[in-house]
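Here's a friendly walk through one structure, a stop at a time. Have a look at it first, and then we'll get into the details.

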Amino acid sequence: MAQKKFLFSISFALDLAETEVKCTSAKHSKRVAYICLKMSNLIGLDDKEKFDLCSYSLLHDNGLIESYCNFSNEYEKDEAENYFNMVNFSEHCIIGENNIKDFPFLTKQENVILYHHENFDGSGLFGKKADEIPLFSQLISFADILDTDFDLTNICYEKKEQITDFVIKNEGKLFSSNIVNAYKKLSDSFLF
């Protein structure tokens, strides 16, 4: 119970900071965690794995603020934002992975935060592809992309169709067939 309270508290702080740095909408990490949880039910993760996946989801951008501050201290504001967004966005993954190394997760997972911006075809930040990307990272990447690109604060029928078209179009590129098939099942339900 204490771990849950800690995660929710830290996720509030991370969300507030992330809206400033990354211009995401409020409660971004909670939506990422929600989508990951719903997808994990369809993929067949056990309860401990689901708890850890939600924990990783809430913490997925925990290195973002430190990484952004590193650049803000070196460059003028506009230069820092451009450099951070275009050149070294990967630093937040490295910092974030290091920040959670002693977190008491229930299952053994490796490099989830480090590889949460990898694409299935190897075109991500670190060039990992297919099974080189941990399943948790693939799920977080999927949910993160959907919420960032489509602003899931308000879903309407037209937006749902756009999302489905985007997901199907990016099968084998951004997403695995396993992720796409789980999404199709989820999108057919009232829960999405």
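Set aside the neighbours within four places in sequence, and L37 is in contact with K50 and C54. This is a predicted model, by the way, so every value here is computed from it. L37 sits in helix α2. Take L37 and K50: they are 13 residues apart along the chain, and their C-alpha atoms are separated by 6.3 Å. Is L37 buried, partly exposed or exposed? With a relative accessibility of 28%, L37 counts as partly exposed.

**How α2 meets α7**

Let's stay with α2 and turn to a helix it packs against. In general, two packed helices are described by the angle between their axes and the distance between the axes. For α2 (residues 28-43) and α7 (residues 135-150), that angle is about 130°, and the axes are 9 Å apart. The two helices are therefore oblique to each other. As for handedness, α2 passes α7 in a right-handed crossing.

Which residues meet here? On the α2 side they are H28, R31, V32, I35, C36, M39 and I43. Facing them in α7 are L135, L139, I140, F142, A143, D144, D147 and T148.

Now for the aromatics. The structure holds eight aromatic pairs, and one of them is formed by Y115 and F126. Their planes make an angle of 70° and their ring centres are 5.7 Å apart, an edge-to-face arrangement. Y115 and F126 both lie in the loop between α6 (91-99) and α7, so the pair ties together parts that are 11 residues apart in sequence. Y115 is buried, at 12% relative accessible area, whereas F126, at 30%, counts as partly exposed.

Another pair brings back F142, one of the α7 residues that meet α2. The rings of F142 and F175 have their centres 5.0 Å apart and their planes at 80°, so this pair is edge-to-face. It links distant parts of the chain: F142 is in helix α7, while F175 is in the loop between α8 (157-169) and α9 (177-187), 33 residues away. Both partners are tucked away from the surface in the sense that F142 is buried, with a relative accessible area of 0%, and F175 counts as buried at 2%.

Here are the two pairs in a table.

| Pair | Centre to centre | Angle between planes |
|---|---|---|
| Y115 and F126 | 5.7 Å | 70° |
| F142 and F175 | 5.0 Å | 80° |

What does F142 belong to beyond that pair? F142, F150, F166, F175 and Y183 form one aromatic cluster.

**Two positive phi angles**

One last stop takes us back to the loop between α6 and α7, where N111 has its place. N111 is not a glycine, and yet it has a positive phi of about 60°. At 28% relative accessibility, N111 counts as partly exposed.

A130 lies in the loop between α6 and α7 too. What is the phi of A130? It is positive, at about 45°, although A130 is not a glycine. With a relative accessible area of 27%, A130 is partly exposed.

Methods. Residues numbered from 1 in each chain as written. Predicted model: local features only at pLDDT ≥ 70, side-chain atom pairs only at ≥ 80, totals over all residues. Heavy atoms only, no water. Axes fitted to C-alpha atoms, helices over the stretch in contact; angles between N-to-C directions. Helix = DSSP H or I, 4+ residues; strand = E, 2+ residues; numbered from the N terminus. Parallel < 35°, antiparallel > 145°, perpendicular 65-115°, else oblique. Left-handed = near helix turned anticlockwise from the far one by under 90°. Contact = heavy atoms within 4.5 Å. Phe/Tyr/Trp six-rings, centres within 6.5 Å; stacked < 30°, edge-to-face > 60°. Buried < 20%, exposed > 50% of the residue type's maximum accessible area, 1.4 Å probe, protein only.
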